[in-house]
Structure formats: structure tokens, C-alpha cells
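Let's take a friendly walk through one protein model. Please look over the sequence and the picture below, then read on.

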Amino acid sequence: MRTNIVHPGADELVYEIREIVEVANRLESLGLNITWENIGDPVEKGERVPDWIKEIVSKASLENSSYGYSPTKGLLESREYIVHERNIEGGIQITADDILFFNGLGDAITKIYQNLNPKARIIGPNPAYPTHSSAEAAHADSGHITYQLDPKNNWEPNLDEIRRKVRDNKDIVGILIINPDNPTGFVYSQETIKKIVDIARENDLFIISDEIYSNLFFPESGMKKLASVIGDVPAIAMRGISKEFPWPGARCGWIEFYNRDKDENFNRYTKSIIDSKMLEVCSTTLPQLVLPRVMKDNRYFSYLDERIKKYERRSDYAYEVFSKIPELVAHKAKGAFYFTVIFKEGVLNDGQSLHIEERYKDIIGPLLGESSLDKRFVYCLLASTGICIVPMSSGFNSTHMGFRMTLLEEDDQKFEKTVNTIAESIKDYIG
Ligand SMILES: Cc1ncc(COP(=O)(O)O)c(C=O)c1O
């Protein structure tokens, strides 16, 4: 090209959760049986969407209007339902005008960072969900700025680090939390969110709270949405149906704006997000149409309760197994459906390996040299056992060495076998 056509932030766009699939597919084509533990799609892992939800969806698909465009912000009926639910929960009160639908939260995340002044930065958790960290880094053409979720302290965020980084870097305009968190399964207590909101208030920042798992929290977690403590601080909360119904293929999520009237600059920024959605006309109509019908149904929350119980049981099992290995740090999840394991410092080195059949070595061998130490373990595990998990450092923009698996395997025996195989492989690997 006569001038460089590559966006300066292009190298920041990394999504290891899917990239590892390419390597696994190559191994599979040579005969390796793959256990997919990389992606958070309950449907892919065998969960059955209940028939009553499918019936609501199929009835809606017979309505002619479900084939048309919807209003840019989303169907009024759906936004009004969300507002009603939000406002009876207490905390901040909003109107249908404060809601904007997207084609999945992935779309919302892209728009939120794309529309931010390139100089303005959002500080987010480490480990980080890569769609946020990559989109934020790409918008600024600079590495994502993070605060620690501390594995030595039950994944609690390091609030002193947030305070210090916010004080020292005037470009930071917002704080991101993911609650419940992906990948750690951590849930921010109301007290902790309050402290983060205070930091935002004191420093004239706004908050982004990704709450896509906010109805998938475990009973003792103390989960509260940002809305309960946000007070007068400007914020964006993000929700969706990908994990809840679960219907990730619907590509349907929404954001809620809080306190737009409290800050003119924030208000202008939110208008730019709405305007950029307007250029696309609207988001998918059918999932919006069924959203209130499904969520209002009295079977909905008992259905979610059943799923939550399964995830908690699996998290307890994984904790039992991994916490017995002294070289690891593992905590029970408090919500969502992931389990993260960290290798203690100094445990991994580049001389470790697992038994790998000759036919797979040609694919894996060349990848090992250029990989971080946890990715090296993940590739060895993949080629040796077929289990496909995601490395912490490159997969979740993290300074920690570890990996994430899911709590989605529907076959209990298979789930337990996978956990035990990973644990045994870790012991073999570290010697
Ligand atoms: C924390 C978090 N936010 C957003 C998303 C994106 O969800 P969607 O399917 O709505 O794009 C995911 C998907 O895994 C997620 O884990």
C-alpha cells in the first residue's frame, strides 16, 4: 500500500480463547480427541436451553415484526421491562431512555472504547477479559492499564494500586470492574464496589461495570449490582443474555447509563455511543422481543438457580483437587462459570514437559519456544491429553502464570476426569 493501512492499535487485538482453537483443530485432524475447555458457551458444552424458552422464541419468530428493524436504542417494551426490574431492585433509578441495545456485549465493548477520546484511558482488572483489555488498548494504541485482582488475597482488587495509578496518571478517566468476574469467578462485595465508586467520585472518573454474569452468582457471594451503590457517579452497566438464557448466538446485550445528567462531558460521550449505534440503525430484534417474555416467566429464576447449583458444585470439586497441590493457588468461584488456577512464582520453567506422541510434536514443538511459561504448559497439556484450556498471561492480559477452565461440562464424570487429568499433568509437568 502506498501508505500504511494498518490501524496503529492493530497488534493489541488478541483473543487467545479462540486462537488456541486453531492449534487444537490441527491436533484433532491428526486424531487427538479434544476436550474443549476454552470457551464460555454453555450451549456448546451441552447445556439444554429449556423447551419453554424455545417455545417463546419460536412463537415470537412467527410475528412479522420480529423480522424488521427495531428502534436504535432497542424495543421500547424490552427497555421498559429492564427499567422496571432495575428500579424495583432499589439503588439508582433510570428510564427507558438510559438503555441502549447492542449486538451482544462484544459489540457494546467495541463501541464504548472506540468512542472514547484516544488519550483517555480506562483502568481494568488483571487478569482481564480480553475483549475489554484488547479493545481498550487498541483505542489508545498502548498496553491496557490494569489493577491487580490478587490471587494471594482471594482475588480481592488492590484498591491502593487503583488509587495510586489514578492519582499518577491523569489520562485515566474510568475504572472497569467485571462482576462476577471472568476469568476468576470473583464477586466484588458491595463494600468494595463502594470504595471503587468513592475513588471515582474523588477523582472525577466514571465506572464501567460488566454485569453479564450478574444473575449467575453463588448464594454466599454477596453479589450486588453497581446500581445499588453508584450514587451520583456517572457509570455504564453492561448486561446481556448470552450467558443467562443462555443464547450467545442471539448477539444481544445492552448497556445502562447512570447519572448522565451529573456530568456534561460524560453526557456528550454517551451521546456519541448512541450516535455510533444509530449509524448501524439498530441491534438484533428477535432476542429483544423475547427478552421480557422469558425473564418475566415464573420459571426463569428457578431455572437459573438450578444452573447456579451445578456450577457451584463443580467449582467446589475443582477447588478440592487443585488446592491440594502446594505449587498452585486456587479459590472457589463465587459466580459465573469459570475456574482459574495460578502457578506460584518460580514453579514453571522452560525445561518442563509432558509425554507427547510423535505425530503431535511437529505441531506443538515450534510453538513452545516462543510461548510464555503458562502457555507452554497449556500447549503441552493440549498435545498430551487433548484438554484445551486458556493460559492466563496471554489469554487474559495477566502478569500471573496460570490457566482458566470452565465449569460448564454437563457430564459430571467427564468434568471430574478433566479436573483430575489436569491436576495429574501439572504434577508430572513440574516434577
Ligand atoms: C465478561 C464478559 N463480557 C462480555 C462478554 C461478551 O458477551 P456477548 O456474547 O454478549 O458478546 C463475555 C463473553 O464471554 C464476557 O465474559
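Two strands pair if DSSP finds at least two bridges between them; strands here are DSSP runs of E with at least two residues, and helices are runs of H or I with at least four, both numbered from the N terminus. The model is predicted, so local features need pLDDT of at least 70 and side-chain atom pairs count only at pLDDT 80 or more, while totals for chains, interfaces and linings use all residues. Residue numbers start from 1 along each chain as its sequence is written.

**The sheet**

Four strands make an open sheet in the order β10-β11-β14-β13, with antiparallel pairing. The edges are held by β10 (328-330) and β13 (390-391), which each have a single partner strand, so one side of each lacks a neighbour in the sheet. Two bridges link β13 to strand β14 (residues 402-406) in the antiparallel sense. Across this pairing, Val390 stands opposite Arg404 in β14.

**Two helices side by side**

Two packed helices are described by the angle between their axes and the distance between the axes. Axes are lines fitted to C-alpha atoms, for helices over the stretch in contact, and angles run from 0 to 180 degrees between N-to-C directions. Helix α11 (residues 358-369) and helix α12 (residues 373-385) have axes that come within 10 Å and cross at roughly 175°. This makes α11 roughly antiparallel to α12, a label for angles over 145 degrees.

Which residues in α11 meet Arg376, Tyr379 and Ala383 in α12? They are Tyr360, Ile364, Leu367 and Leu368; contact requires C-beta atoms, placed from the backbone, within 7 Å.

**Backbone details in loops**

| Cis peptide bond | Omega |
|---|---|
| Asn179 and Pro180 | about -10° |
| Phe245 and Pro246 | about -10° |

Pro180 lies in the loop between β6 (172-178) and α7 (190-203), and Pro246 is in the loop between β8 (235-240) and β9 (253-258).

The loop between β8 and β9 also holds Arg251, whose phi is near 50°, a positive value in a residue other than glycine. Ala336, in the loop between β10 and β11 (338-343), is not a glycine either and has a positive phi of about 60°.

Is Ala336 buried or exposed? Ala336 counts as buried because it has 28 C-beta neighbours inside 10 Å, whereas Arg251, with 18, counts as partly exposed. The cut-offs are 20 or more other C-beta atoms within 10 Å for buried, 12 or fewer for exposed, and in between for partly exposed, with C-beta atoms placed from the backbone.

Technical notes:
Angles under 35 degrees count as roughly parallel, over 145 as roughly antiparallel, 65 to 115 as roughly perpendicular and the rest as oblique. Two residues are in contact if their C-beta atoms, placed from the backbone, lie within 7 Å.
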